[in-house]
Amino acid sequence: MTEKKSVFGIGIIGCGLIGQKRANALGSGGKLIACADIAIDRANSLANRFNAKSFNDWKDLISMNEIDIVIISTLHDSLAEITLSAVSSGKNVLVEKPAARTSAELQPILLALQESGAKVHVGFNHRYHRALRKAKEIVLSGVLGELMFIRARYGHGARLGYDKEWRADPKLSGGGELIDQGPHLIDLSRWFLGDFSEIDGFAHTYYWSMPVDDNGFMLLKTPKKQVAFLHASCTEWKNLFSMEIYGKNGKLEISGLGGSYGLEKLTYYKMLPQMGPPETVSWEYPMGDDSWAVEMAEFYEDIQLDRTPAAGLNDAYQALKIIEKIYKDSGYDYCA
């Protein structure tokens with residue numbers, strides 16, 4: 001779909017917290033036409049705010065001619081099915097990560113995209129946080145020199161009854177913490193270092209009484225032996241996001257994501273010729289998170305320019321392949 005449009009018709013399938021965030025971040029480039037959710041009251045509530053239609057069957061939404069972009073923010077078990085249907089109908093799609101429960105679920109969509117002019121963007125919104133955008137700009141400038149490794153942690157403290165929620169049911173989620181917060185860590189690491197050719201890791205259930213993992217540890221290596229050392233946890237107790245990117249001439253440290261994750265901050269440590277204490281510059285971002293709006297605006301532009309989305313289905317596919325390898329090595333059979 002390369003038609004130039006000033007305002008795209010949007011349909012949102014899945015009207016929970018993330019669907020609402022997406023609706024609030026459409027900006028001037030999109031108009032919400034319809035909402036769908038198996039809980040019709042949720043669909044009605046969101047639709048009423050935007051004077052949109054509401055359905056409890058997502059197929060009714062996809063059949064609407066006025067809709068150019070379908071945003072899919074359902075549970076993991078239906079992400080791939082709905083994406084395939086939307087793409088096959090010629091709709092552009094923004095699907096939330098992980099985009100599927102397994103890489104195999106994505107293969108029919110990758111095939112369908114070869115026949116379709118539709119674009120698919122995967123909701124890796126962390127790339128669009130202010131600190132991450134600035135970090136990418138610094139890395140691309142070359143001042144860090146050749147990158148050596150990344151060390152990153154992402155975790156939350158969960159809540160009472162967490163082990164009874166949908167994320168604890170592998171049929172709905174496809175796994176535990178590794179497939180929940182892990183994809184963001186993997187995607188950001190691939191964004192900075194490129195593809196990983198060696199995958200090692202361990203997923204385990206330490207605390208929560210549930211059949212899915214509550215901690216995932218990853219040691220990923222590129223062909224040049226650049227390493228991403230990653231840990232995703234839902235026994236963090238205090239919400240945390242931390243990523244350090246090490247180059248031969250300095251390092252970047254990103255901490256916080258705003259809200260309960262704390263002040264979003266980026267620090268650049270510049271190694272001096274004489275070494276010793278580095279020159280240090282910090283940026284703080286106390287304002288509201290604009291990642292959702294920036295991500296959406298980029299997708300509008302992708303469609304208008306007939307450009308391949310930067311965060312696409314292949315990125316989700318590669319992340320899921322890594323997750324599946326670690327699950328298999330750890331004795332979990334979600335992907336069997």
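Is S189 buried or exposed in this predicted model? S189 has a relative accessible area of 0%, and buried means under 20%, so S189 counts as buried.

The residue sits in helix 9, which covers residues 182–193. Leaving aside residues up to four places away in sequence, S189 touches I150, G194, F196, A228, L230 and M243.

Rolling a probe the size of a water molecule over the atoms shows where empty space is left. The largest pocket holds about 1,500 Å³ of space. Its lining is made up of 50 residues, and those closest to the pocket centre are L17, I18, W166, R167 and W292. Helix 1 (17–24) and helix 4 (76–88) are the elements that give two or more residues to this lining. Sorted by class, the lining of the largest pocket contains 20 polar, 18 nonpolar and 12 charged residues.

The second largest pocket has a volume of about 160 Å³. Among the residues lining this pocket are L110, L113, K119, V120, P309, L313 and D315. At least two residues of the lining come from each of helix 5 (103–115) and helix 11 (313–329). Helix 11 provides the largest share, three residues. By class, the lining of the second largest pocket has seven nonpolar, three polar and two charged residues.

Methods:
Residues numbered from 1 in each chain as written. Predicted model: local features only at pLDDT ≥ 70, side-chain atom pairs only at ≥ 80, totals over all residues. Heavy atoms only, no water. 1 Å grid on protein atoms, 1.4 Å probe; cavity = no way out; pocket = protein on both sides within 12 Å on 5 of 7 lines; lining within 4 Å. Points joined across faces, edges and corners; volume = space filled by probe spheres on them. Helix = DSSP H or I, 4+ residues; strand = E, 2+ residues; numbered from the N terminus. Nonpolar A, V, L, I, M, F, W, Y, C, P; charged D, E, K, R; others polar. Buried < 20%, exposed > 50% of the residue type's maximum accessible area, 1.4 Å probe, protein only. Contact = heavy atoms within 4.5 Å.
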